[in-house]
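Thanks for coming. I will walk through one structure, strand by strand and then core by core. Please have a look at it first.

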Amino acid sequence: MAKSPVVPRLSLTESDPERSLEFEFVRATENAALNAVHWIGRGDKEGADAAACDAINGTFDRIDMRGEVVIGEGIKDDAPGIFLGDMLGTGKPGSPKFNIALDPIDGTTNISKGMPNSISVMAGVLAPEKGAAMLNIPTFYSEKLAYGPTVAEAMRKDRRLRFDLDTPVEEIVRRTAKIRGKNVREVVVVVLDRPRHEKIIRSVRKVGAALRLIADGDVTAAIAPSLPDSGVDLYMGIGGSPEGVLTAAALRALGGDQQLRMWVRDDEERARIAKDPAAKQLKKIFHAADLVTGKGAIFCATGITSSWLLPGVKVVGRHATTYSILMRARSRTIRYIQAVHDLDNKTIYLRSRDRETLV
Ligand code: VTB
């Protein structure tokens, strides 16, 4: 019989901030998505990003929380952004403390071109909780290899089936096919379409698996193998490090895994991180549970344009529908939240205007 988990008991008067505030995270990514919709196809990545950030900042400006951004954006993209060390929430003394990782938009280029696969995404861990942290990876990029719960479980049980970032791609595909009970040609592998992935792409084709190249946005791609209906088996390649940590928060709830290893892009970066304690871990292969530690983690995302993870915002007449996913690692509850917003009444509190603003 499965061992029953030890669940900390809360008295009726005690509140669980993770549980009550998780819905505010969704409201923030919903608002970011709604505020970014006008930027779809307009060729302005920064405009879209600024709109999403404005909505997220504004949403939290009305919430009693002390949220510290431990993984932000902006460094990678040189974009307007919500940065490391920024605070979200009113900061009211005594209010719940959270460490937050976010990407107001993963896939800004996709939005600017009106292409699929863009989301607004956030993760949070309760700051005072023992052992709970999200690792801030100092390199801009990391090597990643993500797979779903069946593959993770099979590798745990049978060492002959194990693979890691150093296993040849052909072998990774063959072992995944075996575990999934598929033919190799049915194994779907997602890779970012970049010259740096030439070797991976060649190997996936050579072994005969089904390759799906994407333009941008590897959070959804790395989560996809852990979604039962995505049809994706593996995600591999070099992508943004912060995106890797956000992915890990989702995988902690979904049960899949991701291996991640820092990837130094040039000598300048090597010199910059030399003094960082993390430089000692350049060779380490991190798993999802090393990137987002502790028992609890909130992950939420709202689709802006459609992806494996979520449909994009749909605007029909005076209504907009948003699709979000909200999950908590502690309970492993996965919520899909479809919200219909009446555009004659829906307002977002934007920080830039310091007031409620019609969408
Ligand atoms: C990666 C990926 C992101 O940009 O960072 C990619 O993780 C950047 O790759 O999801 P390049 O620098 O080669 O463009 C995204 O696709 C979007 O931010």
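Let me begin with strand 12: 8 of its 8 residues are buried, where buried means under 20% relative accessible area, exposed means over 50% and partly exposed lies in between, with a 1.4 Å probe and protein chains only. Strands here are DSSP runs of E with at least two residues, helices are runs of H or I with at least four, and both are numbered from the N terminus.

A word on where this comes from. This is a predicted model, in which local features need pLDDT of at least 70 and side-chain atom pairs count only at pLDDT 80 or more, while totals for chains, interfaces and linings use all residues. Residues are numbered from 1 along each chain as its sequence is written, and side-chain values use heavy atoms, with hydrogens and water left out.

Which strands pair with strand 12? Two strands pair if DSSP finds at least two bridges between them. Strand 4 pairs with strand 12 in the antiparallel sense, over 7 bridges, and G124 stands opposite I298 of strand 12. Strand 14 also pairs with strand 12 in the antiparallel sense, over 5 bridges; there, T302 has S324 in strand 14 as its bridge partner.

Y147 stands opposite L234 in strand 9.

Last, the core. A nonpolar core is a set of buried Ala, Val, Leu, Ile, Met, Phe, Trp, Tyr and Cys residues joined through side-chain atoms within 4.5 Å. The largest one has 37 residues, and V292 and F299 are among those with the most contacts inside it. Which element gives the largest share of this core? Helix 8 does, with 8 residues. Not counting residues up to four places away in sequence, V292 touches several residues, including V125, M134 and V245.

Note on methods
Contact means heavy atoms within 4.5 Å.
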